[in-house]
Amino acid sequence: MDELTARQVLLIQAFETAGTDHPLWTAEDRRWATRVALEGAEPAGRADRFIATRADAAVRRLAPRAAPVSAWLSHRLWHRRWAVAALLLGLVLGFVADTVGAGHRINLLGTGVWGLVAWNLLVYLLLVLPIPDGWLRRSLSRRMLDLRGLLRGARREPVFDRVAQMWTAASAPLSLARAGVLMHLGAAGLALGLIAGLYLRGLGLDYRAGWASTFLDAATVHQILGTLYWPAQQALHALQWSPFVVSPITLPDLAGFEALQMVGGEPPVASPANSAAPWIHLQALTLAMFIVVPRLVLAALGGLQALWWSQRFPLKLQGDPYFDDLLRQQRREQARVTLLPYAQDAATPAEHEALRHWLQPLLGETMQWQVVPVRPYGSEDEAALQQSLVGRPTLLLARFDLSATPEAEVHGRWLRALQTATRQAGAPRGVLVVEESGFVQRFGQTAPERIEQRRAAWQALATDVGMAVLAVRAGVPVEPSATALRRQLDGAPAA
């Protein structure tokens with residue numbers, strides 16, 4: 001899918017993973033969008049096409065209800081003129097930079113040109129080093145344009161903040177490629193500006209070359225500059241075989257370097273030997289070889305990469321719970337929920353129905369519901385666990401009662417065995433369901449602190465085994481666990 005379609009998909013995903021129904025986009029709207037997409041979708045069709053069709057239908061329904069939706073989708077996040085502006089800005093900065101220095105002389109050991117070359121070589125080195133993806137995302141989040149500002153009038157809507165956060169994370173490869181284009185063009189423009197400044201100033205002024213150093217003698221300077229300018233000299237030799245008429249430049253010998261030494265900062269007496277013209281040619285060619293050409297090549301490659309990402313946006317559809325559920329519906333597969341009561345199950349059919357009704361908007365109207373026999377306290381029957389997982393259920397609900405004291409060596413061991421069995425069965429999601437009704441009715445008035453202590457104990461056990469917790473009363477999920485679980489089932493980022 002392209003960039004605009006990905007923005008539509010992430011916008012709808014942000015609404016549908018908000019944790020609770022948003023006034024602008026309800027569960028009924030969500031089901032409607034899925035039905036529209038399913039009308040023309042093949043069960044074995046392309047996943048991205050189905051997701052894109054659904055998002056397009058949802059946006060057309062949502063946009064008239066919220067002006068920020070249209071503002072977000074119509075705002076251009078990239079303009080080609082930014083690339084031109086980066087190049088021109090570099091040209092201007094390079095041209096106005098005084099790299100020659102006062103007194104119409106060029107210090108051959110000056111750090112202007114060589115500092116710029118060294119900096120660019122360091123950048124090239126950093127570009128080839130592996131950089132952790134997490135660091136890139138954090139850096140991008142800090143330095144990118146605040147996308148929430150694009151959602152004019154929507155700053156009080158948390159869902160639009162989430163849109164910006166999700167887009168920043170998902171668009172990291174595309175945004176980094178575009179940022180690289182601007183960086184490379186700016187650097188190339190800076191070097192071109194320096195080259196232009198050297199030649200234009202040389203047309204109207206008589207520059208002289210020399211060197212001065214407190215610690216280096218003529219022999220050392222001769223060796224250093226011979227090494228630094230060797231690539232430019234070789235390039236000039238190679239150009240002799242080209243259609244261009246180019247004369248090679250030979251550096252002075254040791255005696256010539258001794259004559260170029262500036263005493264007290266004053267250049268030697270003007271003579272053809274200390275003319276700055278050949279040195280300007282060498283500096284310009286060095287800047288072109290090490291900065292202009294590589295940066296323009298990198299900018300072109302970055303532009304092609306950005307174009308590729310904009311047409312084939314790197315939106316991860318596989319392995320994300322939100323998209324997994326949508327694609328399951330595309331394949332016309334029913335979600336299967338298995339409830340595994342542990343030690344006791346006083347739940348009535350009405351309570352089971354209440355929990356099932358709450359899960360339907362998340363897993364589909366045709367969701368299959370299965371309640372397996374109660375697991376005895378201390379049970380370690382692996383065969384029974386495996387039998388519970390026949391058919392690869394979509395969601396496993398391990399049900400406990402809040403009146404029970406969680407024990408790591410009993411409950412924890414059974415939950416770990418359950419986690420192992422689920423991974424072997426195809427990694428369905430597991431949730432620890434805690435029924436609170438009886439315990440709250442017993443201690444809600446006399447000892448409410450016991451309720452909080454017991455909740456904390458079950459939460460600690462769930463965290464230890466890596467499962468989410470859903471607190472229910474008479475089968476009805478209660479906050480804040482209901483919102484937390486819904487966000488997890490939808491694949492939403494942590495709040």
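Mentor: Start with Arg-332. This residue takes a positive phi of about 60 degrees, just after helix 14. Most residues other than glycine have a negative phi. Keep in mind that the model is predicted: local features need pLDDT of at least 70, side-chain atom pairs count only at pLDDT 80 or more, and totals for chains, interfaces and linings use all residues. Residues are numbered from 1 along each chain as its sequence is written, and side-chain values use heavy atoms, with hydrogens and water left out.

Helix 14 spans residues 321-330. Helices here are DSSP runs of H or I with at least four residues, strands are E runs of at least two, and both are numbered from the N terminus. Buried means under 20% relative accessible area, exposed means over 50%, and partly exposed lies in between (1.4 Å probe, protein chains only). Which residues of helix 14 are buried? They are Tyr-322, Phe-323, Asp-325, Leu-326, Leu-327, Arg-328 and Gln-330. The list includes Asp-325 and Arg-328, and these residue types count as charged.

Phe-323 leads on to the core. The largest nonpolar core has 41 residues. Such a core is a set of buried Ala, Val, Leu, Ile, Met, Phe, Trp, Tyr and Cys residues joined through side-chain atoms within 4.5 Å. Phe-323 is among those with the most contacts inside this core, together with Leu-11, Phe-15, Ile-51, Val-69 and Leu-315. Several elements give two or more residues to the core, including helix 14, helix 2 (27-39), helix 3 (47-62) and helix 9. Helix 1 gives the most, with 7 residues. In soluble globular proteins, nonpolar side chains tend to be buried together.

Helix 9 takes part in a packed pair as well. Two packed helices are described by the angle between their axes and the distance between the axes. Helix 9 (residues 172-204) and helix 5 (residues 80-96) pack at about 35 degrees, with their axes 6 Å apart. Those axes are lines fitted to C-alpha atoms over the stretch in contact, and angles run from 0 to 180 degrees between N-to-C directions. The residues of this contact divide into 16 nonpolar, 6 polar and 1 charged.

Compare two other arginines. Arg-208 lies in strand 2 (residues 208-210). Arg-208 is buried, at 15% relative accessible area. Its C-alpha is 5.7 Å from that of Asn-274, 66 residues away along the chain. Arg-416 lies in helix 17 (residues 408-424). At 37% relative accessibility, Arg-416 counts as partly exposed. The C-alpha atoms of Arg-416 and Met-467, 51 residues apart along the chain, are separated by 9.8 Å.

Ala-474 sits in the loop between strand 7 (468-473) and strand 8. Its relative accessibility is 36%, so Ala-474 counts as partly exposed. Helix 19 is followed by Gly-466, whose phi is positive too, near 80 degrees. One peptide bond also deserves a check. Glu-479 and Pro-480 are joined by a cis bond, with omega about 0 degrees. Pro-480 is found in the loop between strand 8 (476-477) and helix 20 (481-489).
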